[in-house]
Amino acid sequence: MTTNHDAFLAAQRVIPGGVNSPVRAFRQVGGEPFFVARAEGAHLFDVEGKRYIDYIGSWGPAIAGHAHPAIVHAVQEAAVNGLSYGCPNPLETTLAEEIIKLVPSVDLVRFVSSGTEACLSAIRLARGATGRDRILKFAGCYHGHADSFLVKAGSGVLTLGLPNSPGVPKALADLTITAEYNDLATVRQIFAEVGHDLAAVIVEPIPGNMNMILPAPGFLEGLRELCDAHGSILIFDEVMSGFRVHIGGAQGLYGITPDLSTFGKVIGAGMPVGAYGGKRAVMEKIAPLGPVYQAGTLSGNPVAMAAGLANLALIQAPGFFETLSQRTRELCAGLEDAARAAGIPFSTVAAGGMFGFFFAAEAPTSFAAAQACDIERFKRFFHACLARGVYWAPSAYEAGFVSAAHDEAVIAETIAVARAAFAEIV
Ligand code: KE4
């Protein structure tokens with residue numbers, strides 16, 4: 001039997017850092033990642049046979065639990081008919097119809113193969129539809145790794161963006177303005193100065209990439225008003241929050257209508273699927289209907305469509321979101337009780353099946369506040385829980401995810417583990 005360490009050594013010989021996505025390498029928490037042999041329900045099983053209660057769920061897709069029989073069956077049924085055609089197939093239409101049914105702001109939707117692809121396509125569409133080049137994003141919000149998003153704020157908020165990764169051209173970074181999430185006053189100032197040149201505002205309506213932060217009352221509404229006043233396109237990046245915090249995503253939870261939305265994760269159930277969609281007048285600018293180009297070999301492939309359809313059917317079952325939300329609340333309340341018993345400043349935030357926890361007395365409402373939490377204590381808590389079979393995201397700046405498979409026994413086991421872990425890190 002191989003060990004996690006051997007698996008990591010082998011991976012590092014042929015894959016940069018031994019991983020295919022940086023966060024998996026445990027660089028933020030220290031130590032080495034375990035390698036997964038299989039997953040089922042609420043659990044991951046590593047190559048050494050150890051079992052973990054999983055609060056990542058592949059970063060959101062596994063909302064029904066890993067290897068759900070209905071999803072596996074749908075994939076098997078589709079796969080025997082071929083994995084990808086490069087031609088239109090009816091399953092694409094059926095999944096598009098489901099998304100449009102659940103998200104009223106979407107008139108037309110285009111499938112791609114990742115959240116990154118969905119977000120970069122939405123930005124290109126917004127630029128093409130408005131004839132403008134500049135975009136506004138928020139520090140701490142992540143929209144995938146396209147060049148326009150790997151940008152940090154310049155010295156002053158109004159100054160030009162600076163690349164936050166080598167390889168991002170300065171000329172492109174200059175076109176991205178970065179503001180602080182929940183700081184509507186500064187966004188107003190930016191619009192007053194350059195609103196005429198802003199193609200779009202892109203925002204995670206409930207951010208999950210600076211840990212989980214909730215929008216301040218009026219913040220999202222303010223973005224909507226400012227975009228309307230200046231002819232900019234409001235893009236809700238619901239790759240993580242979509243079909244996760246509410247059946248209709250964050251826009252369904254808050255009742256705000258963006259012009260475009262991006263999706264991923266849940267709509268693929270773990271298969272590579274992303275999507276962008278929105279108002280017909282904007283979406284009709286996309287090729288082949290309009291001049292804005294976007295394409296993809298594997299877009300809409302039947303196996304991924306079948307998986308997404310099975311997942312969306314499961315989450316529409318009566319009581320699904322009520323139970324999921326209840327489990328998530330129970331988890332957060334149990335963690336807070338356990339931390340309180342150990343005298344450790346700790347707070348949580350939750351919406352639907354998504355949550356965040358912080359080693360701070362109050363849940364942060366800004367990226368700066370999230371960064372000011374006790375990250376060192378998070379790292380010790382992470383490893384104390386991992387050693388006892390509970391796997392949180394290996395970064396203090398990620399959200400957590402509960403699935404339908406996290407039943408009361410799993411939640412109770414998690415809280416018991418957390419209690420022991422808090423006692424260890426006092
Ligand atoms: P992908 O290209 O990773 O499918 O999606 C990019 C993306 C876009 N928008 C939001 C709001 C996202 O959360 C993501 C990806 N989420 C991360 C989790 N923080 C994926 C995990 C990873 O990068 O390995």
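1. Basis. The model is predicted, so local features need pLDDT of at least 70 and side-chain atom pairs count only at pLDDT 80 or more, while totals for chains, interfaces and linings use all residues. Residues are numbered from 1 along each chain as its sequence is written, and side-chain values use heavy atoms, with hydrogens and water left out.

2. Ligand shell. The ligand has 16 residues around it, and Ser-21, Thr-116, Asn-209, Asp-237 and Glu-398 come nearest (near: a heavy atom within 4 Å). By class the shell has five nonpolar, seven polar and four charged residues (Ala, Val, Leu, Ile, Met, Phe, Trp, Tyr, Cys and Pro count as nonpolar, Asp, Glu, Lys and Arg as charged, the others, Gly among them, as polar). Domain 1 (4-67 + 318-425) and domain 2 (69-315) each give at least three residues to this shell; the domain bounds come from an automatic or database domain assignment.

3. Polar contacts here are pairs of N or O atoms within 3.5 Å. A polar side-chain atom of Asp-237 is 2.7 Å from a ligand nitrogen atom, and a side-chain N or O atom of Lys-265 is 3.1 Å from a nitrogen atom of the ligand. Gly-115 places a backbone N or O atom 3.0 Å from a ligand oxygen atom. On its own the ligand has 540 Å² of accessible area, of which the protein covers 85% (Shrake-Rupley method, 1.4 Å probe).

4. Second largest pocket. Its volume is about 470 Å³ (a pocket is an open set of points on a 1 Å grid over the protein atoms alone, with protein on both sides within 12 Å along at least five of seven lines; lining residues have an atom within 4 Å of a point). Of the 22 lining residues, Pro-88, Glu-92, Arg-110, Ser-299 and Gly-300 lie nearest the centre. Helix α3 (90-102) and strand β4 (108-112) each give two or more residues to the lining (DSSP runs, at least four residues for helices and at least two for strands).

5. Largest cavity. The structure holds three cavities of 30 Å³ or more (a 1.4 Å probe fits but cannot get out). The largest has about 100 Å³ of space. Among its 13 lining residues, Phe-357, Ala-393, Glu-398, Ala-399 and Gly-400 lie nearest the centre. Strand β14 (residues 354-358) gives the most, with three residues.

6. Second largest cavity. Its volume is about 70 Å³, and its lining includes Met-210, Phe-357, Cys-373 and Tyr-397. The lining has 10 nonpolar, one polar and one charged residues.

Definitions and conventions. Polar contact = N/O pair within 3.5 Å; in protein donor to acceptor, adjacent residues only side chain to side chain. Points joined across faces, edges and corners; volume = space filled by probe spheres on them.
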